[in-house]
Amino acid sequence: MFTNMRPAPPGPLRPIPLDDAASIGDFRRYPGCRLVLTCAMCGWQKPYDPERVIARLHELKSGGHATRLGDIARRVAWPCPGCHRLKWRGGLAWPAGLTAADSKRLAARYRN
Ligand SMILES: [Zn+2]
């Protein structure tokens, strides 16, 4: 899964500290954040739009908002482009260039 999904724009990411029990649905508490897959071996990262990932989980009937970030990372079947190994970590992070206004606008949208 995930291979045919359009990634979010590239740029430095600021990780959001979360514990292992965090689920992808938690993204709504951090408006504008991205789901980030990080290679545990070399640190290569790829951001995704969490709403699209949740939609994909629903499509595959394999999860949804309650799916843990760690479970999502374990399901990734493609090796890291940086080191060609297969050991991903899942997390949430702020994308580069996200402004306070963007975050506020998105927060309003999630409430509706
Ligand atoms: Zn790697």
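Visitor: In this predicted model, which residues are the protein donors of the zinc ion?
Guide: The donor atoms are SG atoms, lying 2.3 Å from the zinc ion. In sequence the donor residues follow the spacing C-x2-C-x37-C-x2-C. The protein donors are Cys39, Cys42, Cys80 and Cys83.

Visitor: Is the site of the zinc ion tetrahedral or irregular?
Guide: Four donors count as tetrahedral if all angles lie between 85 and 135 degrees. The angles among the four donor atoms here are 103 to 116°. For comparison, the ideal angle for four tetrahedral donors is 109.5 degrees. The site of the zinc ion is therefore tetrahedral.

Visitor: How many disulfides does the structure hold?
Guide: A disulfide is a covalent bond between the sulfur atoms of two cysteines. Cys39, Cys42, Cys80 and Cys83 each give an SG atom to the zinc ion. The number of disulfides in the structure is zero.

Visitor: Does Cys42 count as buried, partly exposed or exposed?
Guide: Buried means under 20% relative accessible area and exposed means over 50%, with partly exposed in between. Cys39, at 3% relative accessibility, counts as buried, and Cys80 and Cys83 are buried too. Cys42 has 40% relative accessibility, so this residue counts as partly exposed.

Visitor: Which residue in β3 is the bridge partner of Thr38?
Guide: Strand β2 covers residues 34-39 and strand β3 residues 45-48, and the two pair in the antiparallel sense over four bridges. They form a hairpin with five residues between them, and Gly43 in the turn has a positive phi of about 90°. In β3, the bridge partner of Thr38 is Gln45.

Terms used
Residues numbered from 1 in each chain as written. Predicted model: local features only at pLDDT ≥ 70, side-chain atom pairs only at ≥ 80, totals over all residues. Heavy atoms only, no water. Disulfide = S-S within 2.5 Å. Buried < 20%, exposed > 50% of the residue type's maximum accessible area, 1.4 Å probe, protein only. Pairing = 2+ DSSP bridges. Donors = N, O, S within 2.8 Å, 3.2 Å for Na, K, Ca; no water. Tetrahedral: all angles 85-135°; square planar, octahedral: opposite > 155°, others 65-115°.
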